[in-house]
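Please read the notes that follow beside the chain itself, taking each numbered point in turn.

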Amino acid sequence: MTDTTAPTPSATAAPAAAGEAGAPRDTRPRLLLVDDEPANLQVLRLILQGSYRLAFARDGEKALALAQQEPPDLVLLDVMMPGMSGLEVCRRLKADPATAQVPVLFVSALSDPQHEADGFAAGAVDYITKPVSGPIVVARVRTHLSLVAAAALRASRMAIVQCLGRAGEYRANETGLHVVRMSHFSQLVGRAMGMDADEADDLLNAAAMHDVGKIGIPDAILLKPGPLDAAEWDCMRRHPAIGAEIIGEHPDRMLQMARRVALCHHEKWNGKGYPAGLAGTDIPLEARIVAVADVFDALTSVRPYKPAWDIDRTVRLLQDEAGQHFDPAVVQHFLAHLPEALAIRERWADVPQPG
């Protein structure tokens, strides 16, 4: 068997190159099958060729070269091979940023638990023993490709959410990484207050959309250099409701949280906030957390209308406003994790603008 892309069962000639007239592009996932025994590759080919594009390698060096040329969507990898072992191939794939996220499934006659442990330690996500079962191979491949697709979807969703959140900041002439910093502050405090990892991740994404409603505020008000009059403040106070309308009602848990954050992050613990005058624990916890994270970052950042406050002055304000503007428990947990917050602030520091 040659080290090349395998044709589909019905193919009798090489497929037309992508982009040629009348030749549809093959968008099926691409699998890299690695085994020094041609018979084993043939078995895997017969199992998988109907649903996937296949590439083959009979040694580790060839496998790495093929992965460099076109990173596969998944690798099925033998462990015991002459020269470079499958374990070393896996380690090198995981060390390369271009292939680090590609799932590797070991396919091996070695069934000892220690061999499986070694495979997982090298970075593999699964271990299939030989002789292989067709239905098991198909099920494992499908499962891990689905997990990769789900992870890519989550990453895309976060990127879109952050873009939407930053759109509100740019409308308000608040450029930079404010959205990123306050989102990470919020996640940090959420975990400190008992949220599990998934809920805290939802808060990381939801917090980015807290001010998306500013998109609906007229420039004359949003960008006014001086104080707002009463009518202008009434208009500005509409941005939480506008944000909730933009996000809308969704079954998705993160978007439900984002809507609550957008709607309630200007409510105050003492009931003197807006838009609904909620007080105390009637304000959703995620909105109470975002309120502290947002103000801390806004105060410690340069704005066109003010210099950055120093940390001590900002901490004193949070302490003074605990029980008034802010939930005292949120302030307590934020300040207890101030070193981590400052590390976040340093990691995503604004780049000074010229002039």
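**Notes on a predicted model**

1. Helix 11 passes helix 12 in a right-handed crossing, where right-handed means that the near helix is turned clockwise from the far one by less than a right angle, and left-handed that it is turned anticlockwise. On the side of helix 11 the contact is made by M257, R260, V261 and C264, and on the side of helix 12 by E286, A287 and V290, a contact being heavy atoms within 4.5 Å. These residues divide into five nonpolar, no polar and two charged; Ala, Val, Leu, Ile, Met, Phe, Trp, Tyr, Cys and Pro count as nonpolar, Asp, Glu, Lys and Arg as charged, and the others, Gly among them, as polar.

2. This is a predicted model, in which local features need pLDDT of at least 70 and side-chain atom pairs count only at pLDDT 80 or more, while totals for chains, interfaces and linings use all residues. Residues are numbered from 1 along each chain as its sequence is written, and side-chain values use heavy atoms, with hydrogens and water left out. The chain has a mean pLDDT of 88, and 88% of its residues reach 70 or more, where pLDDT is the predictor's confidence in each residue, from 0 to 100. Over residues 1–19, however, pLDDT stays under 50, and the model has 27 contacts beyond four places in sequence for this stretch.

3. How are helix 11 and helix 12 placed in terms of angle and distance? Helix 11 (residues 253–264) and helix 12 (residues 285–299) pack at an angle of about 55°, with their axes 8 Å apart; axes are lines fitted to C-alpha atoms, for helices over the stretch in contact, and angles run from 0 to 180 degrees between N-to-C directions. That angle makes helix 11 oblique to helix 12, since angles under 35 degrees count as roughly parallel, over 145 as roughly antiparallel, 65 to 115 as roughly perpendicular and the rest as oblique. The helices (H or I, at least four residues) and strands (E, at least two) are DSSP runs, numbered from the N terminus.

4. Helix 12 also packs with helix 13 (residues 311–321), at an angle of about 150° and with the axes 10 Å apart, and the two are therefore roughly antiparallel to each other. Here V292, V295, F296 and L299 in helix 12 meet I311, T314, L317 and L318 in helix 13, and by class this contact has seven nonpolar, one polar and no charged residues.

5. Not counting residues up to four places away in sequence, V104 touches V75, L77, C90, L93, K94, A124, V125 and D126.

6. N205, which lies in helix 7 (residues 197–207), is also buried, with a relative accessible area of 8%. Leaving aside residues up to four places away in sequence, N205 touches R157, M158, V161 and M254.

7. Most peptide bonds are trans. A cis peptide bond joins K130 and P131, with omega about -5°, and P131 is placed in the loop between strand 6 (126–129) and helix 5 (134–171). At 77% relative accessibility, P131 counts as exposed. A cis peptide bond also joins Y274 and P275, with omega about 10°, and P275 is in the loop between helix 11 and helix 12.

Notes: Buried < 20%, exposed > 50% of the residue type's maximum accessible area, 1.4 Å probe, protein only.
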